[in-house]
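These are my notebook entries on a structure that I went through element by element. The coordinates are set out below, and the entries follow.

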Amino acid sequence: MLDKPARVMIDAPALDGGMKKPNLLTVEQAKDMSVADMTTLFKDHLNPGQLHFMKLLGFNKIKIETAEGMYYVDQNGRKILDLFGGFGSLALGHNHQRLIAARKQFQDENRHEIGIAFMSQYAAALAKNLAEIAPGDLDMVFLGSSGSEAMEAAIKLAERVAGPKRPGVVYAENSFHGKTRGVLSITDGPLYRGEFKLLENNVKVPFGDIDAIRRAFETDPTIGVLVLETIQGGGGINIAPPEFWQEVRTLCNKHGVIWVADEVQCGVGRSGRFFAFEYANVVPDITAVAKSLGGGKTAMAAMIARRDIYMKAYGTPKTAMIHAHATFGGIGEACITAIETLNVLYDEDLIENAAVQGDYLLERLNALKAKYPKIIKDVRGQGLMVGLEFQDFSQTLPLVLRPVVALLDDKLKGSLSGFIGALLLRDYDTLVAFTEYNRNVIRLLPPLICERQHVDQLCDALDDLLGRGIVRIVKDFVGSQLS
Ligand SMILES: Cc1ncc(COP(=O)(O)O)c(C=O)c1O
């Protein structure tokens, strides 16, 4: 018989009549909350500083009640066309009926969620589907719940395979790979990097510059890993030609460097291929997808690696648990949502649609660029990942308006994208996204269910708005801040 353990006495007050329930809001109260109450709670408990930007863009006046397909519906029944697309996480649009049905059935059947003790048939099926879609021998899958988590898994795997003598990582200017500590070290934003202590041995090169990568590989034998977004999103939609990626593959083979392709934003069909690197007919060693993998209904992310690489790092019972999935990696309902998302993507030909509507969007935006050359500087993109870059007007704005603009936040100074975005929302019920590093770029990441009529709605609105001219656009924006 085991000795009874000594009782640990905790000096806590007695509970007369049970634990008192704190003053908790209910689900119904959350749904019914007014804009004023939301603002107060956002300020008190979430992110008071962020409200400043919400006010500039007019987001602070809106409470979204429902969302379906390409549209949000606000508290006044106003339908807002969504070309922001949750920064690329809404490939299937809002609340796709097949996802809702699959999730509801899963719940009604009392299926299990946590796949830690027993094997999960849902995680296994999702991993099989991803391996089926991924080219080459990208066969081994790690499931997580955010892009950062998938990218952390990717750089840890790459580091283990490269070995302790080759800890150097090459990454690109204007890259965004997430905000957790590891990937923050290869995310090129001074704002995000702040004063944090980051991983060392990283070498930054201009995006798309093959000579810079070659030089880095040739001069520094400690480099073992190359990490690049295939299409840079946060950097303002930057694309490199197929020859660049082919040369990346050749150089990595030659120098034994592990190539990690971050497809968190451009993957899952957005570019018009499931993975954007497929345009170059090459296969990286490791890739990561997230955002749209959850179909806009759940948080789901995956790292997918070549089998030989994965096995080298984690292939034995001794190494298997070094980076096995976290508590919520491969949770049941998230997995079946991702499985259904992948099926819908192909059943509804959404990847082809991304390519077709993307071409049409570029065509219409280029026509606007030709019409407004003093306002639009560049239009670029692939599939439904498109950037619209405005001219910097800080020096061309009439002198009288410059002090007014100078009073505005630094993020908007000299940048038309904030003004255009705010007015598109206010006057045309159209939501677009902004860009971390290039404040002159509007990012368009619409759901892949986007149709010609939605492209037309955006481009007609832009045409009308740009027709007002810069001075009136700025005046109208300032007016929107006063009302
Ligand atoms: C290319 C890329 N990688 C990684 C991430 C990080 O993903 P998450 O925000 O889900 O952590 C993002 C997020 O925007 C991204 O765009």
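Predicted model: local features only at pLDDT ≥ 70, side-chain atom pairs only at ≥ 80, totals over all residues.

Entry 1, a helix pair. From helix 10 they are I210, I213, R214 and F217, and from helix 11 they are F244, E247, V248, L251 and H255. By class, I noted six nonpolar residues, one polar and two charged in the contact of helix 10 with helix 11.

In what order do the seven strands of the open sheet lie? I read the order as 4-12-11-10-7-5-6, with mixed pairing. The edges are held by strand 4 (138-144) and strand 6 (202-205); each has a single partner strand, so one side of each is left without a neighbour in the sheet. Neighbouring strands of this sheet are turned against each other by 20 degrees on average, direction ignored.

I also looked at one pair inside this sheet. Strand 7 (residues 223-229) pairs with strand 10 (residues 258-262) in the parallel sense, over five bridges. For V227, the bridge partner in strand 10 is V260.

Next I checked what lies over the strand 4 end of the order. Helix 6 (residues 121-133) lies across strand 4 and strand 12 (301-306), and it runs at about 135 degrees to strand 4.

Entry 3, the ligand. How many residues surround the ligand? I recorded 15, of which the closest are G147, S148, G178, V264 and Q265. Helix 7 (residues 147-162) gives the most to this shell, with three residues. By class, the shell around the ligand has five nonpolar, eight polar and two charged residues.

I found an open sheet of three strands in the order 13-14-16, and its pairing is antiparallel. Strand 13 (376-382) and strand 16 (441-444) are the edge strands, each pairing on one side only. From one strand to the next the twist averages 15 degrees. Strand 14 (residues 385-390) pairs with strand 16 over four bridges in the antiparallel sense; V386 has L444 as its bridge partner in strand 16.

Which strands does helix 14 lie across? I noted that helix 14 (residues 350-371) lies across strand 13, strand 14 and strand 16, and that it runs at about 170 degrees to strand 13. Helix 16 (residues 416-428) lies across strand 14 and strand 16, at about 45 degrees to strand 16.

I turned to strand 1 (residues 64-68) and strand 2 (residues 71-74), which pair in the antiparallel sense over four bridges. The bridge partner of T66 in strand 2 is V73. The hairpin of strand 1 and strand 2 has two residues between the strands, and G69 takes a positive phi near 60 degrees in it.

I counted 18 helices and 16 strands in the protein. Along its principal axes the C-alpha trace spans about 85 × 70 × 45 Å. I then asked what radius of gyration a compact globule of 483 residues would have. The value would be near 23 Å; the protein has 24 Å, which agrees.

Conventions: Residues numbered from 1 in each chain as written. Near = placed C-beta within 6 Å. Nonpolar A, V, L, I, M, F, W, Y, C, P; charged D, E, K, R; others polar. Contact = placed C-beta atoms within 7 Å. Pairing = 2+ DSSP bridges. Axes fitted to C-alpha atoms, helices over the stretch in contact; angles between N-to-C directions. Rg over C-alpha atoms; globule rule 2.2 N^0.38 Å.
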